[in-house]
Amino acid sequence: MTTPLQSALHPAGPDAALIAQLSWILFGGAAIIFVAVMALLALSLRPNKRPIATRWWIAGAGIAFPVVVLTALLVWSTWRSAELTPQTSRGAMSIGVTAKMWWWEVRYHDPASGREVVSANEIRIPTGRPVYVGLTSTDVIHSLWIPALNGKMDTVPGRVNGLTLHADKPGIYRGQCAEYCGAQHARMALYVVAMAPDEFARWLAREAQPAQAPSSALVERGRAAFLEQRCQSCHMIRGLAGAEHARLGPDLTHVGGRTHIAAGTLRNHRGTLAGWIADPQAIKPGARMPAATDIDGATLQALAAYLEQLK
Amino acid sequence: MRNHFPLPAPPLARCLGAAGLCLVLLAGCGKEKAPRQVSGGEPAQGQRLMAQYQCTACHAIPEVPGAVGNAGPPLDQFGRRSYIAGGIPNTPDNLTRWLDNPQALKPGSAMPDLGVSPEEARHMAAYLLTLR
């Protein structure tokens, strides 16, 4: 059986495993109590039975039983919750995530240069160690939920909330905005790619590099079209002169290396890139990106090809 | 109870003639051309491939899940269409070649070459021609 992409019942890390265990205990307990109540109901419907005094029902099933069960549950869940990884950046790798309507900006710290490496809509983490994600928002309240790795954490404008991601094994885990945030809330997803530590280090070193120079005539034409169409008004491509400042839209320096575009909406290849550029409003109505209006087919191809090779 | 106003029974020949005419008319209704066949193409597989390549990023295809793009024409009833890309006759062979590499048939088209293999293109063509 393949593991579901996004499931709290298929935990991939210690914190998610603990939450899943708590959930199963609750499901099991609720099922037992439900069956017991139904059994009592069936018993009560039998004719000619001597009724039990009402006060015993109230004292026993109404007071004593909930007090015992809920107290036990409270003690046990408090004790277990204390074993969750503390939400702190101490001893953990730190990543910054800023939620925006309707995508995620992701910032890493490059240990080699000490600089910030900006990406979007995909969080890459090394396996086997806690990764502290500092969460904030620049517009409304969003919430980051990657069910296979941890619980939800809200992103609130003006403050930083912490969420620890800890993946046991390499894999791709889908996450989703879990706080209604406007028209495209449902298409505000992201993917967490957990990689072996050495692989992650290689990836980060590459991600820190500026975009590579065009390698073919088609790609060169796409690069020119990017500037001609003023894409750099919103999107940054490090290493492309004149396009190194804007941060309104996702950083595209290594967009070709991501698994998805438009915050988990489309898988990433030149076809979806072209379709997205041509008319993002059809795919994600209300998104901040306007549709291309004066771009011919061949230029669209070149632009998509250029973005695709930014790996 | 007796029927005071019996209707005259129609002659058998006229009856048969009317029935025959009905049959001919009904047969005419069903006389639509069957979907054009693509040799080696499996429509069900083609439908899966349409989802896999995310054709819906540009084309609205009712039976394929995904985004509802608007950059390309909607593909419902594509099997009835006379032309691909506004000029190439919509034959199984042309459609297969188009899906395999649109740029080769119509340079400058906004539809990209997605790296669809000729075999995959046959499946997708078979599926598209069933959309009627």
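These legends walk through a few close-up views of a predicted model.

**View 1. Chain A as a whole.** Chain A has 7 helices and 12 strands. Its radius of gyration is 25 Å, well over the 19 Å that the globule rule gives for 311 residues, so chain A is more spread out than a compact globule. Buried residues account for 36% of the 311 residues here. Take the contacts in chain A between residues at least 6 apart in sequence: 65% of them link residues at least 24 apart.

**View 2. A cis peptide bond in chain A.** Most peptide bonds are trans. The one from A:Met101 to A:Trp102 is cis, though, with omega near -5 degrees. To find the spot, look for A:Trp102 in the loop between strand 1 (93-100) and strand 2 (103-109) of chain A.

**View 3. Two residues with positive phi.** Most residues other than glycine have a negative phi. A:Asn121 is not a glycine, yet its phi is positive, at about 60 degrees. A:Asn121 sits in the loop between strand 3 (116-120) and strand 4 (122-126) of chain A, and it counts as buried because it has 23 C-beta neighbours inside 10 Å. Over in chain B, B:Gln54 also has a positive phi, near 55 degrees. Its place is the loop between helix 2 and strand 1 (83-84) of chain B. With 22 C-beta neighbours inside 10 Å, B:Gln54 counts as buried.

**View 4. Helix 2 meets helix 5 in chain B.** At what angle do helix 2 (residues 43-52) and helix 5 (residues 118-130) of chain B cross? Their axes come within 7 Å and cross at roughly 100 degrees, so the two helices of chain B are roughly perpendicular to each other. On the helix 2 side, the contact is made by B:Pro43, B:Gln45, B:Gly46, B:Gln47, B:Leu49 and B:Met50. Helix 5 brings B:Glu120, B:His123, B:Met124, B:Ala126, B:Tyr127 and B:Thr130. The residues of this contact split into 6 nonpolar, 5 polar and 1 charged.

Key:
Residues are numbered from 1 along each chain as its sequence is written. Chains are lettered from A and ligands numbered from 1 in the order in which they are written. This is a predicted model: local features need pLDDT of at least 70, side-chain atom pairs count only at pLDDT 80 or more; totals for chains, interfaces and linings use all residues. Axes are lines fitted to C-alpha atoms, for helices over the stretch in contact, and angles run from 0 to 180 degrees between N-to-C directions. Helices (H or I, at least four residues) and strands (E, at least two) are DSSP runs, numbered from the N terminus. Angles under 35 degrees count as roughly parallel, over 145 as roughly antiparallel, 65 to 115 as roughly perpendicular and the rest as oblique. Two residues are in contact if their C-beta atoms, placed from the backbone, lie within 7 Å. Ala, Val, Leu, Ile, Met, Phe, Trp, Tyr, Cys and Pro count as nonpolar, Asp, Glu, Lys and Arg as charged, and the others, Gly among them, as polar. The radius of gyration is taken over C-alpha atoms; the globule rule is 2.2 Å times the number of residues to the power 0.38. A residue is buried if 20 or more other C-beta atoms lie within 10 Å of its own, exposed if 12 or fewer, and partly exposed in between; C-beta atoms are placed from the backbone.
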